[in-house]
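Hi,

Here is the structure I promised to pass on. Have a look at it first, and then read my notes below.

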Amino acid sequence: MATYKRLLLVMIEVLENLLKHNELPKYNNSSLHFSPLFNISRDDNKYIVRASNTLRSVNCQVLSERIEYLNTLNQQGLKELYKDTITRAGFNEQGGAGLGLIEMTKISHSGLQYTFLPIDGEFVQFNLIIEIDL
Amino acid sequence: MLPFYAGASEYTPKTELSNHTGIFEFSGVSRPENVSEFYNKLINWIREFEQHCIGTGKWPENGITVNFKLTYCNSASSKYIYQLLEMILGWMKYGIKPVVNWYFDENDDTMRDDGMDIADALDYEFNFLPME
């Protein structure tokens, strides 16, 4: 039950992020087209969740720094960051609480992997990989 | 003043807030499509309840009990739950000592951990109980 629940938690947080964070306008002046991607696979030791969505290039650095910071924290550090974030007032523009990435990192135990792939000068494809041990 | 009731949906918990008994109960899942729209209704009711009790000088006879019987709660909901409880715990200034019962399936350490994180953030003792 525990692994199933952890996988479910990550899936829902990832899917909600895909819904909330897609910054490439659906209809834009160029011929660019991008659909969010979501995939789950499994090997002998773990589930692997992969997701892709679009971001404005200017937002990459902040996101990258956030993930790199989360990946340096142990479980106690993540707990303390979670506490600090939940007590802070306000929500972001997309209605999020800023807790989703923390939750994913807590559940993963092996950190978040990510890449940015340029689409054009203004937008990138953000690819996130989260591994969950069986 | 009327109690608040919302039935469970695929995305939102069954929510029963009784101004008569002082029991506030949430059960099911919490991942509303519009989390602020759902929880702001509850926040408004909590505010109205507080004003009603102050105005009449009467709080429920058995105090305030908040029961969480959630099987899943997304991160945005956790933040609103924290805010709701912060408001309710503010009633301690009126001499009320709210009881918070956090129920979880014994095999579900994620829900238990969510409750412990919120309790820790509030610096308040919850009762952690097996889901009935």
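In chain A, the crossing of α2(A) and α4(A) is right-handed. The residues that make this contact are A:R66, A:I67, A:L70 and A:N71 on the α2(A) side, with A:L101, A:I102 and A:T105 coming from α4(A). Sorted by class, that contact has four nonpolar residues, two polar ones and one charged one. Helix α2 covers residues 60-72 of chain A, and helix α4 covers residues 100-108. They pack at an angle of about 35 degrees, and their axes are 10 Å apart.

Before you go further, please keep in mind that this is a predicted model.

**The sheet in chain A**

Chain A has an open sheet of four strands, in the order β1-β2-β4-β3, with antiparallel pairing. At the edges stand β1 (37-42) and β3 (112-118); each has a single partner strand, so one side of each is left without a neighbour in the sheet. On average, neighbouring strands here are turned by 15 degrees against each other, if you ignore direction.

Now for the pairings. Strand β2 (residues 46-56) and strand β4 (residues 123-133) of chain A run antiparallel and are joined by eleven bridges. Along this pair, A:R50 has A:I129 of β4(A) as its bridge partner, and A:A51 stands opposite A:L128 in β4(A). β4(A) also pairs with β3(A), again in the antiparallel sense, over seven bridges. β3(A) and β4(A) form a hairpin, with four residues between them.

Two helices go with this sheet. Helix α1 (residues 2-20) of chain A lies across β1, β2 and β4, running at about 10 degrees to β2(A). Helix α2(A) packs on the sheet as well, touching β2, β3 and β4 of chain A, and its direction makes about 165 degrees with that of β3(A).

Start with A:R6, which is in helix α1 of chain A. Is A:R6 buried or exposed? It is buried, because 21 other C-beta atoms lie within 10 Å, and the cut-off for buried is 20 or more. Leaving out residues up to four places away in sequence, A:R6 touches A:I107, A:I132 and B:T110. A:R6 and A:I107 are 101 residues apart along the chain, yet their C-alpha atoms are separated by 6.4 Å.

Then try A:L55, in strand β2 of chain A. A:L55 counts as partly exposed because it has 19 C-beta neighbours inside 10 Å. What does A:L55 touch, not counting residues up to four places away in sequence? The list is A:H21, A:E23, A:C60, A:L63, A:F123, A:V124 and A:F126. A:L55 and A:R42 are 13 residues apart in sequence, but 27 Å apart in space, C-alpha to C-alpha.

**Over to chain B**

Chain B has an open sheet of six strands, in the order β1-β2-β3-β4-β5-β6, and its pairing is mixed. The edge strands are β1 (4-6) and β6 (127-130) of chain B, each with a single partner strand, so one side of each is left without a neighbour in the sheet. From one strand to the next, the twist averages 15 degrees.

Strand β3 (residues 23-30) and strand β4 (residues 65-73) of chain B run parallel, joined by eight bridges. In this pair, B:F24 stands opposite B:V66 in β4(B). Helix α2(B) packs on the sheet, touching β3, β4 and β5 (99-104) of chain B, and its direction makes about 175 degrees with that of β4(B).

**Where the chains meet, and the core**

The contact between the chains takes 16 residues from chain B and 20 from chain A. On the chain B side, α1 (35-56), α2 (75-89) and α3 (109-122) each supply at least two residues. By class, that side of chain B has four nonpolar, six polar and six charged residues.

Last, the largest nonpolar core has 44 residues, and those with the most contacts inside it are A:V10, A:I130, B:V66, B:F68 and B:L85. Setting aside neighbours within four places in sequence, A:I130 is in contact with A:V10, A:V49, A:M104, A:S108 and A:L112.

Cheers

Conventions
Residues numbered from 1 in each chain as written. Chains lettered and ligands numbered in written order. Predicted model: local features only at pLDDT ≥ 70, side-chain atom pairs only at ≥ 80, totals over all residues. Pairing = 2+ DSSP bridges. Axes fitted to C-alpha atoms, helices over the stretch in contact; angles between N-to-C directions. Contact = placed C-beta atoms within 7 Å. Left-handed = near helix turned anticlockwise from the far one by under 90°. Nonpolar A, V, L, I, M, F, W, Y, C, P; charged D, E, K, R; others polar. Core = buried A, V, L, I, M, F, W, Y, C linked by C-beta atoms within 7 Å. Buried ≥ 20, exposed ≤ 12 C-beta atoms within 10 Å, placed from the backbone.
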